[in-house]
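I opened this notebook to keep track of what I looked up in one structure. The entries follow the order in which I looked.

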Amino acid sequence: MKKYRNFYLISLGIIIAASIYPIYMGVVALAEYFSEGFIEQANYPKYLIPYAPMCIAIIVAAALMPLTIKLFKRFSLAVTSVIGVGGFILAEKFFEQIKVVVRYETLRVDGWQLSLCMATPEVLEAQGKPIYAENNPTFKVHFYIIAIVIILSVLALLYGYSKLFLENKKELKKPLLAQTVSVILFIGLCILACFTAFFRNGTLYISPLSSLLTAFFFIVFGITFGIYICSFFIGKGKICVWISALTASLTTLIMYIGELLLMGGKLFIFGKGFFFLPLGIIPFSPCDIVVILVSGIITAIIAKLINKEKVSLS
């Protein structure tokens with residue numbers, strides 16, 4: 001029990017430390033909003049949503065996990081996940097009501113950040129393009145999916161390590177290691193995207209570096225959720241492998257759909273030539289299809305390696 005208590009306190013400390021900047025953004029934004037009734041464009045923290053609400057939700061759900069484990073036993077992860085996702089949606093909806101003043105116009109935060117997914121503010125301003133998109137909430141598909149996957153994955157990790165310490169289930173080590181690596185890598189890519197927009201130039205044709213980072217992000221995104229699903233089917237043989245792989249590819253496909261909504265029915269083009277161009281009326285290129293399949297293939301390999309264990313999170 002002492003080991004678990006130490007693990008829990010250290011884990012919660014790490015989560016809070018990792019959330020300092022998003023929480024700081026939220027505090028700064030709320031302070032000005034409650035004081036003035038709006039936020040000036042120059043003072044608006046980049047990517048306030050979804051990361052501030054997401055971090056708040058994860059901290060609250062993680063802090064309550066020992067209680068949910070005690071009260072709900074085997075259903076504690078499900079309860080904690082509902083708290084996390086529900087808390088995120090509530091906090092997100094609240095933050096979206098905040099007003100931003102831009103050149104004498106007042107916009108809601110949820111109509112503010114669309115273009116930030118296409119390029120950095122500096123690039124957009126240099127091109128004379130706005131860094132907001134009034135009344136276009138479709139870009140939030142991106143944010144909601146990313147935030148929910150991170151919330152579910154982090155809470156599953158915390159729960160898995162809790163079982164490891166509380167029940168001494170050493171068989172969980174390999175699955176948890178795979179989850180840990182994928183979650184850390186994905187969160188790292190999210191942070192990089194926040195500050196660089198993957199070096200996108202505000203057009204459909206992006207550079208080789210931007211293309212590589214975007215494709216890698218999509219693949220890791222699918223793998224992260226695929227391994228999350230895998231953790232509930234470990235020991236089920238081929239079923240575990242197939243479900244995990246299909247989940248990963250489907251998750252990557254959903255992310256592409258988010259891109260289509262973001263870009264008005266078009267996708268970023270990763271290069272020149274047939275391999276990178278849309279297939280007729282289908283907006284996906286052969287390269288995009290390969291990215292979707294690679295996400296599933298890598299997840300299947302990982303699932304097969306860890307499927308030898310006989311314990312799962314379920």
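What follows is my notes, entry by entry.

**Entry 1: ground rules**

I am working with a predicted model, in which local features need pLDDT of at least 70 and side-chain atom pairs count only at pLDDT 80 or more, while totals for chains, interfaces and linings use all residues. I number residues from 1 along each chain as its sequence is written, and side-chain values use heavy atoms, with hydrogens and water left out.

**Entry 2: the chain overall**

I looked up the secondary structure and found ten helices and three strands in the chain. These are DSSP runs numbered from the N terminus, with helices being H or I of at least four residues and strands being E of at least two. Along the sequence I read the pattern α-α-β-α-α-β-β-α-α-α-α-α-α.

I then looked up burial: of the 314 residues in the chain, 54% are buried. I use buried for under 20% relative accessible area, exposed for over 50%, and partly exposed for in between, with a 1.4 Å probe and protein chains only. For contacts (heavy atoms within 4.5 Å), I noted that residues 24 or more positions apart account for 72% of those with a separation of 6 or more.

**Entry 3: nonpolar cores**

I looked for nonpolar cores, meaning sets of buried Ala, Val, Leu, Ile, Met, Phe, Trp, Tyr and Cys residues joined through side-chain atoms within 4.5 Å. The largest has 75 residues, and those with the most contacts inside it are Met54, Ile146, Ile150, Ile151, Phe186, Phe217 and Tyr256. Two or more residues each come from helix H1 (2-18), helix H3 (48-72), H4, helix H6 (140-167), H7, H8, H9 and H10. H6 gives the most to this core, with 14 residues.

I picked out isoleucine 150 and set aside its neighbours within four places in sequence; its contacts are then Met54, Ile58, Phe186, Ile187 and Cys190. There is also a second, separate core of twelve residues, which includes Ile39, Leu48, Ile49 and Ile98.

**Entry 4: H7 against H8**

How do the axes of H7 and H8 cross, and within what distance do they come? I found that they come within 9 Å and cross at roughly 145°. Here axes are lines fitted to C-alpha atoms, for helices over the stretch in contact, and angles run from 0 to 180 degrees between N-to-C directions.

On the H7 side, the residues that meet H8 include Ser182, Leu185, Phe186 and Leu189, and on the H8 side they include Phe216, Phe217, Val220 and Phe221. Leucine 185 is in H7 and is partly exposed, at a relative accessible area of 37%. Leaving aside neighbours within four places in sequence, leucine 185 is in contact with Phe216 and Val220. I also noted that leucine 185 and phenylalanine 217 are 32 residues apart along the chain, with their C-alpha atoms separated by 9.2 Å.

**Entry 5: H9 and H10**

I checked helix lengths against the expected span, which is 1.5 Å times one less than the number of residues. Helix H10 (residues 286-306) has 21 residues and reaches 30 Å from its first C-alpha to its last, close to the 30 Å expected. H9 has 25 residues and should span 36 Å; its end C-alpha atoms are 36 Å apart, which agrees. After H9 comes glycine 264, whose phi is positive, near 70°.

The buried residues of H10 include Val291, Ile292, Thr299 and Ile306. What do the buried residues of H10 pack against? They pack against helix H7 (173-196), helix H8 (208-230) and helix H9 (238-262).

I searched the whole structure for salt bridges (a side-chain nitrogen of Lys or Arg within 4 Å of a carboxyl oxygen of Asp or Glu) and found one. Glutamate 96 pairs with lysine 93, the closest N and O atoms being 4.0 Å apart. The two are three residues apart in helix H4 (residues 76-96), so about one helical turn separates them. Glutamate 96 is buried, at 1%, whereas lysine 93 is partly exposed, at 40%.

Threonine 80 is also in H4 and counts as buried, at 1% relative accessibility. Not counting residues up to four places away in sequence, threonine 80 touches Ala61, Met65, Thr68 and Leu155.

Last, I looked at lysine 73, which lies in the loop between H3 and H4. Its phi is near 55°, a positive value in a residue other than glycine. Lysine 73 counts as exposed, at 55% relative accessibility.
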